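Biologist: I would like a close look at a single part of this model. Please keep to what can be computed from the atoms.

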Amino acid sequence: MANVVVIGAQWGDEGKGKITDLLSKSADVVVRYQGGVNAGHTVVVQDQTFKLHLIPSGILYPKTECIIGSGTVIDPKVLLEELDQLEALNVSTSNLLISETAHVTMPYHRLIDQASEERRGSHKIGTTKRGIGPTYADKSERIGIRVVDLMDSEELKDQLRWTVEYKNVILEKLYNLPPLDPKAVVDEYLGYADRLRPHVVDSSVRIAEAVRKRRNILFEGAQGTLLDLDHGTYPYVTSSNPVAGGACVGAGVGPTIIDRVIGVAKAYTTRVGEGPFPTELNGELGQLLCDRGAEFGTTTGRKRRCGWFDAVIGRYAVRINGLDCLAITKLDVLDELDEINVCVAYELDGERCVDFPSSARRFARCRPIYKTLPGWQQSTADCRSLEDLPSQALDYLKFLAELMDVPIAIVSLGASRDQTIIVEDPIHGPKRALLYSQDTPELGLRHQEIEV
């Protein structure tokens, strides 16, 4: 039995959907613990592509229980659309459970998010404009609507009577937008409540039961470490905690039940939205990575900014999340390159910097210090074992593992399930006492000291 947290080790969009889908085959329960419809996970199964926003990737396995935890924020309209799409593709959603204490995204949240981002002008954050930030803000202000309130018509009417009036003042006076009709909002959301009611549970009780029965639990995060509200590139962050510690709060479990934490990182780096990006490539090479990697957001369709792998933020992700192992995705995107750069440190105001800076202004002044490695210039898409990889590709992976001081458990070479090399099963494989060993062939073999 193992309880595993899967997190993004970069700025999100690392391919967590595919990795979660792969691990869900061995999981009894999958819990989505934070974020909202600003997340997007793409899973390819044979000739079908599934784009998920709120529903955990484990939904594609009929026997896997999928829970949307308390730390998420739920847009009922989008969730129901997602349920309908899955059912239309003959995917059963009867195993989906929704926490009654998760907060609900309301129409005024979306309107305020859109208007606020537009008013920021050159200071915009790059939000998806889906109302996520305002929903979490209301949660902190203690005026939010929870799923349990949605299930009680009288409670919902009572809460919205005051809240909509309060939000209308903001919409009209601050943003010059028309007010919302409280009755229309109540009627709309009571309609959502009727359809969602069979899925609503006390999720902390269900997860506790799974722990007691020693079932395998997979905790699925959205976004990535560098978008964490407390530990990311603030203010260019999301409004929740995608880091591994967020799994405990968002799912309602204690840290003692977590057995392993796996970080997902691309073989290069991407970022959506605003904010500093030291290894960003703006020319033909950046466009090549974008085209080969199909780097467009699942949720917004926005083009992702592409750059070289950044081991400074990689080491930071290892430290902040307590990573046991890594899943490296999209290695195949680099197949055509004759040389590949890896950022091993920054130059900041004339000095070498190996630690991620907390200040966005300081981070914007960082310049990457690169180590150049030879490319392999041949396809890896059909590789199914480490022995199948070109020697230069294997050396590249070993170099990343050494730089970040953590072994690589999974290598993804395409979007399909079968385009994967499983070095070690993070759920059923043994957790090492030592990360590195001189006499094992596993990725993470430390064959030389790396100067950073």
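Modeller: The model is predicted. Phe-219 belongs to the largest nonpolar core, which has 63 residues. Within that core, Phe-219 is among the residues with the most contacts, together with Val-5, Leu-331, Leu-334, Leu-389 and Tyr-396. The element that gives the most to this core is helix α13 (residues 391–404), with nine residues. Another core, of 46 residues, lies apart from it and includes Ile-55, Tyr-108, Leu-171 and Leu-180.

Strand β2 covers residues 29–32 and runs parallel to strand β5 (residues 65–68), to which four bridges join it. Val-29 stands opposite Glu-65 in β5. Both strands belong to an open sheet of 10 strands with mixed pairing, in the order β9-β7-β5-β2-β10-β1-β11-β15-β19-β20. The edges are held by β9 (200–201) and β20 (420–422); each has a single partner strand, so one side of each is left without a neighbour in the sheet.

Note on methods
Residues are numbered from 1 along each chain as its sequence is written. This is a predicted model: local features need pLDDT of at least 70, side-chain atom pairs count only at pLDDT 80 or more; totals for chains, interfaces and linings use all residues. Side-chain values use heavy atoms; hydrogens and water are left out. A nonpolar core is a set of buried Ala, Val, Leu, Ile, Met, Phe, Trp, Tyr and Cys residues joined through side-chain atoms within 4.5 Å. Buried means under 20% relative accessible area, exposed over 50%, partly exposed in between (1.4 Å probe, protein chains only). Helices (H or I, at least four residues) and strands (E, at least two) are DSSP runs, numbered from the N terminus. Two strands pair if DSSP finds at least two bridges between them.
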